[in-house]
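Good morning, colleagues. Please look at the structure on the screen while I describe its aromatic rings and their neighbours.

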Amino acid sequence: METLFGDDLIGRPRREIAPGAVHVPNWLTLEQQQWIAARFGEWAVGPVPLRSAKVGGHEMSVQTVCLGWHWRPYEYSRNAVDVNGHRVLDFPDWMVRLGRKALADAGADSHAVDRYTPDAALANYYDAGARMGMHQDKDERVNAPVVSLSIGDSCQFRFGNTENRSRPYRDVTLASGDLFVFGGASRFAYHGVPRIYPGTAPDGCGLASGRINITMRSTGMDRA
Ligand SMILES: O=C(O)CCC(=O)C(=O)O
């Protein structure tokens with residue numbers, strides 16, 4: 001009963017954080033989270049394993065595995081030339097469907113939903129000490145929305161402006177199962193993850209500790 005009618009129904013409503021940026025708490029069921037976490041475990045072993053990308057010679061504290069297209073600072077390629085040269089796994093059809101449903105539930109119109117065909121995902125793993133600095137997702141050649149899913153420990157997610165890394169920004173707690181979509185006027189907003197809240201992953205989400213975040217993107221690469 002607690003999970004069916006928990007306080008989160010009242011305390012965490014769906015909110016537009018900025019124009020085009022929508023937070024939908026508790027979007028994935030525990031069963032869906034568990035299933036996706038199991039897929040993440042498979043992706044993490046390869047053909048391109050989970051790795052920390054190097055930015056300016058420094059390893060990120062977040063570890064990433066990619067689907068569809070491999071991302072390295074600051075470009076996409078089919079093969080992970082900075083890891084082991086292997087081609088990344090295909091972008092799964094189920095994730096395209098999930099991305100469309102995410103957009104619909106975030107309030108996009110049916111035309112935008114039908115058109116949405118993400119072709120790359122960055123699946124990140126954060127341990128308790130991992131962070132992600134403020135950045136823009138701007139290596140894509142088209143401006144389709146970014147769909148973000150969170151599983152495991154909650155985090156502080158900072159969503160800023162399109163001009164620079166500093167204020168104004170808003171801090172949002174992204175918990176296991178939450179959806180965050182940013183497109184339109186917010187597509188190129190700076191955002192980052194200043195901290196993880198260890199020990200907050202709910203039982204049954206498929207991850208005992210740490211946080212998985214998956215961002216789906218449309219690269220526009222095939223149109224190159
Ligand atoms: O972990 C998150 O919620 C954000 C991830 C992110 O910003 C990215 O992968 O570019």
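Predicted model: local features only at pLDDT ≥ 70, side-chain atom pairs only at ≥ 80, totals over all residues.

R211 lies over the face of Y126, 5.0 Å from the ring centre. A charge counts as sitting over a ring if NZ of Lys or CZ of Arg is within 6 Å of the ring centre and within 35 degrees of the ring normal.

Residues are numbered from 1 along each chain as its sequence is written, and side-chain values use heavy atoms, with hydrogens and water left out.

How many aromatic pairs are found in the whole structure? The search finds 9. Rings of Phe, Tyr and Trp (its six-membered ring) pair if their centres lie within 6.5 Å; planes under 30 degrees apart count as stacked, over 60 as edge-to-face, and the rest as tilted.

The F40 and W43 pair is edge-to-face because the ring planes stand at 70 degrees, with the centres 6.5 Å apart. F180 and F182, by contrast, form a tilted pair, with 55 degrees between the planes and 6.2 Å from centre to centre.

Are F40 and W43 buried or exposed? Both are buried, that is, under 20% relative accessible area, where exposed means over 50% and partly exposed lies in between (1.4 Å probe, protein chains only). F180 is buried at 0% relative accessibility, and F182 is buried at 1%.

Finally, F40 and W43 belong to one aromatic cluster with W35 and W94.
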